[in-house]
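Subject: Structure for your review

Dear colleague,

Please find below the sequence and structure that I am handing over to you. My findings follow directly after it.

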Amino acid sequence: MFTGIVLLAFTFAVSATNIVLTNDDGWAVALVRAQNDALNAAGYNVVLSCPAENESGTGSSTETPKVLTSACEFNTCPSGSPATGFNASNTRLNYVNAFPVKVRYPDALASVFGGPPNFVVSGPNVGNNLGSTVLVSGTVGAATEAVLEGIPAAAFSAATGSQSSFTTLTSSPTSTDTKAALIYGALSVKLLNVLLASSAPILPAGILLNVNYPATTGSCTSTSAFKFVLTRINSNSSAVDVQTCGTTRLPTESSVVAMSGCFASVSVMNASNKGDVNATMQGVVLNKLESILSCS
């Protein structure tokens, strides 16, 4: 009976969670559409809002959305389309013709959510965002901007995948990229399920998560093969991190993702400077995600 109550409460929590899904690679890439499918299948209330075109490497740059002078990526909307738009058959799939920091809040969100979202998921990005790369990543930029505006967020980035159309998810269901997109989508849901079920606040004010997945090669070809490891963004020999795995020195995300053994890194980022946070803030995240974290 108790188990049933817990499962019912968790199901309600998931269904009541409003999530904006964004990225910097564009609204029609396979990785973000697979993530959208995975979040919806898990019961989250999702609106996808991404750039109309690939805007990788734009960091936290900002611009006013403008009418398209060429077609959206993969010809998903014609030249001359308005600055913001949506898929005619699914209005929860939105594009904004601007840099990633501008794409999270199209007018459609007000009618769908009735207010700000509960959480912003940015990615998975096509390619990892590790170490200093976080400074130029539009996917990370979108997540940090959300946090600076008071919305908790996480950026996800993936080693396997390419700038390919969402149509490949059905036209090439057994391809390496499609299989990877499905694995990464499921892994992100696994982490979010634990994080969003934790006690409020979801994350302390001013911080976000930067999550990086290794390649889906070798033994890393199923969701169950992957393990999450708490990491830091930048190497710092003088830093004292939260105590875990018998040490107060967290491994860098770059070193963890490069290891054999299917390890995904989870770093705790300061939204203001895109750097590491102190041991106390790391400890908050450790306590929330402890049930799915491993030692590398």
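C262 lies in the loop that runs between helix 7 (253-258) and strand 9 (263-270). Although C262 is not a glycine, its phi is positive, at about 65 degrees. Please bear in mind that this is a predicted model.

P124 belongs to strand 5 (residues 119-126). Another cis peptide bond leads from A200 to P201, and its omega is near -5 degrees. P201, for its part, is placed in the loop between helix 6 and strand 7 (207-213).

I turn next to the packing of helices. Two packed helices are described by the angle between their axes and the distance between the axes. For helix 2 (residues 30-41) and helix 6 (residues 176-196), the axes come within 8 Å and cross at roughly 45 degrees. On the side of helix 2, the contact is made by A30, L31, A34, Q35, A38 and L39. Helix 6 contributes A181, L182, Y184, G185, A186, S188, V189 and L192. By class, the residues of this contact comprise 11 nonpolar and three polar, with no charged residue.

Finally, there is the question of open space. What is the volume of the largest pocket? The value is about 170 Å³. The largest pocket is lined by 13 residues, of which V229, T244, C245, S294 and C295 are the closest to its centre. Eight residues of the lining are nonpolar, four are polar and one is charged.

With kind regards

Methods: Residues are numbered from 1 along each chain as its sequence is written. This is a predicted model: local features need pLDDT of at least 70, side-chain atom pairs count only at pLDDT 80 or more; totals for chains, interfaces and linings use all residues. Side-chain values use heavy atoms; hydrogens and water are left out. On a 1 Å grid over the protein atoms alone, a cavity is a set of points where a 1.4 Å probe fits but cannot get out, and a pocket is an open set with protein on both sides within 12 Å along at least five of seven lines; lining residues have an atom within 4 Å of a point. Grid points are joined across faces, edges and corners, and a volume is the space filled by probe spheres set on the points. Ala, Val, Leu, Ile, Met, Phe, Trp, Tyr, Cys and Pro count as nonpolar, Asp, Glu, Lys and Arg as charged, and the others, Gly among them, as polar. Axes are lines fitted to C-alpha atoms, for helices over the stretch in contact, and angles run from 0 to 180 degrees between N-to-C directions. Helices (H or I, at least four residues) and strands (E, at least two) are DSSP runs, numbered from the N terminus. Contact means heavy atoms within 4.5 Å.
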